[in-house]
Amino acid sequence: MIEIKDLHKSYKMGSNSLHVLKGINFTAEAGELVAIMGSSGSGKSTLLNILGMLDGADSGEYILDGVPIKDLTETKAAQYRNKFLGFIFQSFNLINYKSALENVALPLYYQKVGRKERQVKALSYLERVGLKEWATHLPSELSGGQKQRVAIARAMAAEPKVLLADEPTGALDSTTSYEVMDLIQKINDEGNTILVVTHEEDIAHMCKRIVHLKDGVIVEDKKIKQVRAEQYV
Amino acid sequence: MFDRDIWQEIFHTLKNNKLRTFLTGFSVGWAIFILVMLLASVNGMQNGFTNQFNDDATNTIFIRPGTTSKAYAGFEKGRRVQFKNDDIDYIRKSFPEDIEYLSARYFNGTSARYKSETGSYRVQAVHPEFQMIEKILVTNGRFFNDADLTNKSKVAIIGRKVKEDLFKKEDALGKFVELNGSLFRVIGIFIDEGDDNAERRIYMPISTYQRTYGNTNDISAIALTYNPSYDLTKALEFSGRLEDIMKRRHKVSPEDQSGVNVWNYAEAFDDISSFSAVLNTISIGVGFLILIAGIVGIGNIMVFTIKERTKEIGVRKALGAMPKQIINLVLLESTFITTLSGFIGLIFAWIILSLIGPNINTPAFSNPSVSLSTVVTATIILIVAGVLAGLIPAIKAANVKPIVALSDK
């Protein structure tokens with residue numbers, strides 16, 4: 001599903017440049033649930049941004065679902081993001097003047113799905129994250145965990161190939177974190193490919209595979225036995 | 001553009017930022033208001049000028065004799081020039097192509113009497129064509145004709161004021177009025193809107209007057225209109241020829257400014273229309289400058305808005321919004337505010353103008369109003385302005401990198 005070969009990325013900081021990713025090689029099959037771990041500055045967020053086409057690599061190959069991702073124009077990147085990727089952010093990034101339902105429907109709008117169909121679809125995804133009754137509420141009326149569940153529903157709505165979660169539990173307390181992880185696991189159980197960037201060990205162990213990043217290279221890549229979040233909820 | 005969702009978003013942002021929306025809109029609305037008021041004022045001045053002249057045909061030329069100021073052709077200076085009937089015939093023969101209507105004028109004061117009512121008025125003895133030159137509006141009866149002129153009929157056309165003074169409520173047509181001791185039959189009554197003095201005049205055939213009072217061929221002045229198809233240059237050229245020929249005929253030096261006086265309406269009209277054209281240009285210019293200030297205001301606020309919404313735009317891009325769609329959103333929002341508030345300014349100006357405009361009627365300023373074309377132009381300007389105001393912010397918004405927008409954790 002994801003194939004990365006010798007990926008490099010550096011940022012210019014004034015006169016000197018900062019080499020963040022120093023040759024990453026990584027593959028993920030469909031249906032995997034991968035945790036990308038590393039301390040801050042290890043390059044894990046940069047990697048996720050490149051995977052999410054929010055940022056471009058300097059060199060190396062990136063193939064997503066058989067499509068080589070390179071020479072992206074803004075418009076093309078937008079189309080690919082819309083078609084391939086769903087994002088889950090640490091700070092949820094819901095649009096605060098739109099209701100939960102409208103937030104979930106937004107990626108569908110950019111996919112040019114008709115109004116009626118959009119509403120029906122968005123509502124069914126809200127139902128899947130257990131927030132059907134909250135459809136008309138604004139984000140400000142939701143708790144942190146609820147907001148993240150809306151964000152997950154939104155990421156799911158476009159039916160992406162890969163879900164990218166950047167510290168999805170970073171802003172949540174541990175109980176809520178487990179609820180969110182439980183949801184992510186269930187989505188993964190249905191066959192969705194999910195990448196989770198985290199620096200929390202317990203969250204990482206709820207995935208099926210852990211990739212450790214340090215100073216811009218992968219130092220460890222191991223399959224693990226998944227800890228189900230259900231038991232903590 | 002007619003996507004319901006986009007409009008929903010725009011209303012949403014506007015509703016959530018009422019003060020911002022109001023301030024932005026106000027600057028543009030105000031600018032349009034001022035622009036329309038300025039144009040209407042210029043229009044009012046133009047109307048005022050035109051009203052003062054529109055009694056008479058605009059292609060009129062008056063020729064008046066004067067006193068020579070230079071010795072010429074054996075005559076001393078200070079000689080009074082006197083026009084006579086044959087001057088009329090001479091002009092008519094000399095310029096058959098150029099002349100539309102031609103008439104002599106003889107004016108004098110007269111005392112008038114009907115039964116016990118008396119008054120003193122101005123008599124103008126003219127040719128029948130004078131009706132067309134001066135645009136005399138006869139409401140009752142008729143103006144005299146060529147037959148009256150040939151027969152030297154003792155007929156008179158009196159102004160409305162004369163009729164009211166002398167005849168009161170009585171019907172004047174067919175009655176005889178005594179003018180300086182001679183009886184004249186009233187065959188017509190004329191009116192002149194907005195000029196009471198003109199309605200104190202009495203018209204009669206020039207031939208009748210000359211025979212009745214002194215058996216003379218003298219005339220006071222000549223009035224004529226030239227071919228209405230002439231433009232200003234041709235009109236001026238014609239009045240030049242006219243002046244030359246009249247000076248030669250009456251032995252007046254070509255350099256003499258006072259012997260024969262040819263006065264061309266076109267010149268005065270040209271001065272006025274170029275004056276109001278300048279005024280118009282200035283007011284459009286000033287209005288535009290104010291409008292630009294408004295546009296900059298909108299652009300400014302839109303840039304600020306984009307800054308405020310950077311994160312939201314980043315999220316939208318992450319969700320698959322294309323740059324085009326972001327640009328659309330911002331442009332539509334700014335165009336919407338500009339057009340709406342501009343319209344409000346326009347309607348305000350219109351209401352004020354239609355309330356007070358018709359009540360203003362002074363010689364220099366009358367019925368200020370704007371034409372439909374001005375309104376349509378203003379609307380187009382507004383829409384263009386809205387697009388311009390939104391353009392820079394929209395491009396800024398489209399260039400927002402989702403990564404930068406989302407990184408502030």
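Begin the tour of this predicted model by selecting the sheet of chain A, an open one whose four strands follow the order β2-β1-β4-β5 and pair in an antiparallel way. Look next at its two edges, where β2 (16-28) and β5 (67-68) of chain A each have a single partner strand, so that one side of each is left without a neighbour in the sheet. Strands of a sheet pair through backbone hydrogen bonds, either parallel or antiparallel.

To see one such pairing in detail, select strand β1 (residues 2-13) of chain A together with β2(A), two antiparallel strands that are joined by 10 bridges. Within this pair, pick Glu3(A) and then Thr27(A), its bridge partner in β2(A).

Now move to α3 (100-110) of chain A, which is largely enclosed by the rest of the structure because 11 of its 11 residues are buried. Among these buried residues are Leu101(A), Glu102(A), Pro107(A) and Tyr110(A). If you display the surroundings, you will find that the buried residues of α3(A) pack against α2, α4 (115-128) and α5 (144-157) of chain A, together with α1 (4-16) of chain B. Just after α3(A), stop at Lys112(A), which takes a positive phi of about 65°.

Finally, select the contact between the two chains, to which chain A gives 21 residues and chain B gives 17 residues. On the side of chain A that touches chain B, α2 (74-84) and α3 of chain A each supply at least two residues, and the largest share, five residues, comes from α2(A). Coloured by residue type, this side of chain A divides into 11 nonpolar, seven polar and three charged residues.

How values were computed: Residues are numbered from 1 along each chain as its sequence is written. Chains are lettered from A and ligands numbered from 1 in the order in which they are written. This is a predicted model: local features need pLDDT of at least 70, side-chain atom pairs count only at pLDDT 80 or more; totals for chains, interfaces and linings use all residues. Two residues are in contact if their C-beta atoms, placed from the backbone, lie within 7 Å. Ala, Val, Leu, Ile, Met, Phe, Trp, Tyr, Cys and Pro count as nonpolar, Asp, Glu, Lys and Arg as charged, and the others, Gly among them, as polar. A residue is buried if 20 or more other C-beta atoms lie within 10 Å of its own, exposed if 12 or fewer, and partly exposed in between; C-beta atoms are placed from the backbone. Two strands pair if DSSP finds at least two bridges between them.
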